[in-house]
Amino acid sequence: MRIMRAAFASSFDADNPLAALTVGEQPEPAHPEDDWVTVQVRASSINHHDLWSLRGIGLGADRLPMILGCDAVGTAPDGTDVVVFPLVVDPGDPRGMSILSEHFPGTFAERVAVPRMNLLPLPAGLSATDAACLPTAWLTAWRMLTTKGRVDEADAVLVQGAGGGVATAAVALAVALGKRVYATSRDAGKRERIAQLGATALEPGARLPERVDVVIETVGEATFDHSLKSAAPMARIVVSGATAGHEPKVNLRRVFAMQLEILGTSMGTPGELTELLTFCAEHEVRPVVDSVVPFGRIEEAFARLHSGEAFGKIVIDHTA
C-alpha cells in the first residue's frame with residue numbers, strides 16, 4: 001500500500017480540537033468511481049470547517065481517521081494547474097452532496113482524489129496560494145453576494161463580523177463590485193484593517209449612516225437583531241454561518257413590515273466558482289491572506305485559526 005503524509009482527525013475533542021489533530025502517514029487516495037483522478041496538491045487553505053470536524057461536528061467516529069481540508073490548488077494528471085471544486089455528489093448525505101473531508105478524504109495531504117469534473121483551470125495571473133483561498137470561504141461569500149443577495153440591485157452592503165474568512169471575502173468582493181460597504185468587528189485592529197480594504201468599519205451594533213440592501217451574516221445570534229434593524233425595505237439578509245449562536249430571536253413584525261428576505265446558503269456551484277476565479281483574475285482582486293505556512297508546520301496554522309487572531313485566510317504551502 002502506497003502512503004503519503006497528511007493532516008487528519010484521529011479523534012474528537014470538543015473543548016480542545018487541536019488535540020484531535022494528527023500529522024502522519026495515510027494511505028494513497030482511492031478512486032471510488034472510474035471518473036475520479038488524483039491531484040498533486042500545491043496549496044490548500046484552512047477553514048473553520050476543519051476545526052468543527054476536530055470537534056466531531058459533521059464527522060462521525062466511523063469515518064476516522066479522516067484527512068482534513070476542503071480547498072486545494074494542484075497539478076492534474078495531464079500536468080495542468082487546477083483549482084479543486086470541493087463538493088462531491090454523495091447520495092448517502094441528506095444534502096445530496098458532501099464537502100471533501102466529510103465522507104471523502106480532504107486536501108491536507110500530498111495528493112487528493114476527486115471526480116474529474118471537479119477540476120477547474122487555474123486562471124493566468126492567480127497564484128496557487130491565492131487561488132487556494134477561493135473554493136470554500138470566497139465561493140460562499142461570492143454566492144451570498146451575487147446569487148442569493150442580488151447585490152447588482154443593491155447600493156449598500158453590511159458585513160457582520162469582518163475578520164473571518166467568509167466575511168473578509170465579502171468585504172473585498174463587495175468593494176470590488178462598487179458597493180458602499182459597512183463592516184463590523186469587536187476587534188479594533190481588525191476594524192482598522194477592514195477599513196484599509198475600502199469598507200466603513202464599525203463596532204458591533206453601531207448605527208449605520210443608512211439602511212443597507214444586503215446583509216452578509218455569518219455570526220448569528222450576537223448580531224442578528226442588528227442585521228434586521230440595519231436592513232432597508234425589501235433587503236436580503238443572507239446567512240451562511242452562526243459562529244456566535246444559531247438560535248437568535250427574530251422580530252417577525254420587522255420581517256413582514258419591511259418585506260425582508262432571510263436566505264440561507266452554503267458554498268456554491270462549479271459555475272459560480274468559475275465566475276469567481278474569472279472575476280478575481282480580471283479585476284485583480286486578491287484574497288486577504290493572514291499567513292502562508294509550510295505544510296510541515298500545519299499544526300501552527302491550525303493553532304492560528306483556533307486563536308481567533310487571524311485576519312483573512314491561512315494558506316498551506318505544500319511545496320515548501
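This is a predicted model: local features need pLDDT of at least 70, side-chain atom pairs count only at pLDDT 80 or more; totals for chains, interfaces and linings use all residues.
# Strands, sheet and cores, term by term

User: What makes you call strand E18 mostly covered?
Analyst: Five of the five residues of strand E18 (residues 313-317) are buried. Buried means under 20% relative accessible area, with exposed over 50% and partly exposed in between (1.4 Å probe, protein chains only). Residues are numbered from 1 along each chain as its sequence is written, and side-chain values use heavy atoms, with hydrogens and water left out.

User: How do you know that both faces of E18 are covered?
Analyst: On one side Lys313, Val315 and Asp317 are buried, and on the other Ile314 and Ile316 are buried too.

User: Which strands does E18 pair with, and what makes them pairs?
Analyst: Two strands pair if DSSP finds at least two bridges between them. Strand E3 (residues 36-45) has three bridges to E18 and runs antiparallel, with Ala43 opposite Asp317. Strand E17 (residues 289-294) has five bridges to E18 and runs parallel, with Ser291 opposite Ile314. Both therefore meet the cut-off.

User: Why is the unit of E17, helix H9 and E18 called right-handed?
Analyst: With the strands pointing away from the viewer, a right-handed crossover runs clockwise from the first strand over the helix to the second. E17, helix H9 (residues 298-307) and E18 make such a β-α-β unit.

User: What makes E13 and E16 edge strands?
Analyst: The open six-stranded sheet has the order E13-E12-E11-E14-E15-E16, with parallel pairing. Strand E13 (200-202) and strand E16 (261-264) each have a single partner strand, so one side of each lacks a neighbour in the sheet. For E16, strand E15 (residues 231-239) pairs with it over four bridges in the parallel sense, and Val239 is the bridge partner of Gly264.

User: What makes the 53 residues a nonpolar core?
Analyst: A nonpolar core is a set of buried Ala, Val, Leu, Ile, Met, Phe, Trp, Tyr and Cys residues joined through side-chain atoms within 4.5 Å. In the largest one, Trp138, Val159, Leu173, Leu273 and Leu276 touch the most other members. Another core, of 21 residues, lies apart from it and includes Leu21, Leu68, Leu305 and Ile316.

User: Which residues is Leu273 in contact with, leaving aside neighbours within four places in sequence?
Analyst: Contact means heavy atoms within 4.5 Å. Leu273 has such contact with Val83, Phe85, Leu120, Leu134, Pro135 and Leu139.

Definitions and conventions: Helices (H or I, at least four residues) and strands (E, at least two) are DSSP runs, numbered from the N terminus.
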